Amino acid sequence: MSANRRWWVPPDNKDSMSEKLLRKTRESPLVPIGLGSCLVVAAYRIYRLRSRGSTKMSIHLIHTRVAAQACAVGAIMLGAVYTMYSDYIKRMAQDTGEK
């Protein structure tokens, strides 16, 4: 029994950072959507900072953080549900249809 010592070979082509980002975006598109929505909500809430009325600054910033985190967690949950659907439910339907 001989062990294969060359089981991992580094890739010859070096991807640039933008190519890696595009490839990862194609693999899981909800991550950039969650990040983008988080940034949009945070920017909007900071823009609305002047018209906060009698609300204290700390309360306004806490609400901003909660809204931005809700967008990010929502995108994560959508990704998890989609992965569960594609891995289990869709596969089980295909397996039952083949038999």
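Predicted model: local features only at pLDDT ≥ 70, side-chain atom pairs only at ≥ 80, totals over all residues.
Contact here means heavy atoms within 4.5 Å.

Residues are numbered from 1 along each chain as its sequence is written, and side-chain values use heavy atoms, with hydrogens and water left out.

Let's start with the overall layout. The protein has three helices and zero strands, and read from the N terminus its elements go α-α-α. Helices (H or I, at least four residues) and strands (E, at least two) are DSSP runs, numbered from the N terminus. Of the 99 residues, 6% count as buried; the label buried stands for under 20% relative accessible area, exposed for over 50%, and partly exposed for what lies in between (1.4 Å probe, protein chains only).

Now to His 60, which sits in helix α3. At 6% relative accessibility, His 60 is buried. Setting aside neighbours within four places in sequence, His 60 is in contact with Arg 45, Arg 48, Leu 49, Arg 52 and Thr 55. A polar atom of the His 60 side chain lies 3.0 Å from the backbone oxygen of Arg 45. A polar contact is a pair of N or O atoms within 3.5 Å; within protein, one must be able to donate a hydrogen and the other to accept it, and residues adjacent in sequence count only if both atoms are side-chain atoms.

Thr 64 is also in helix α3, and with a relative accessible area of 7% it is buried. A polar atom of its side chain lies 2.9 Å from the backbone oxygen of His 60. The side chain of Thr 64 also makes a polar contact of 3.5 Å with that of Arg 45. Not counting residues up to four places away in sequence, Thr 64 touches Ala 42 and Arg 45.

Next, the cysteines. Cys 38 belongs to helix α2 (residues 30–47). Beyond its neighbours within four places, Cys 38 is in contact with Ala 68 and Cys 71. A disulfide requires a pair of cysteine sulfur atoms within 2.5 Å, and the structure holds zero of them. Cys 71 itself is partly exposed, at 25% relative accessibility.

Tyr 82, Met 84, Tyr 85, Tyr 88, Ile 89 and Met 92 make a nonpolar surface patch of about 700 Å². Patches take residues with over 30% relative accessible area and no salt bridge, joining like charges within 9 Å and nonpolar side chains (Val, Leu, Ile, Met, Phe, Trp, Tyr) within 5 Å; a salt bridge is a side-chain nitrogen of Lys or Arg within 4 Å of a carboxyl oxygen of Asp or Glu. Met 84 is in helix α3 (residues 57–98) and is partly exposed, with a relative accessible area of 44%.

Technical notes: Areas by Shrake-Rupley, 256 points an atom, 1.4 Å probe, with all protein chains shown as cover.
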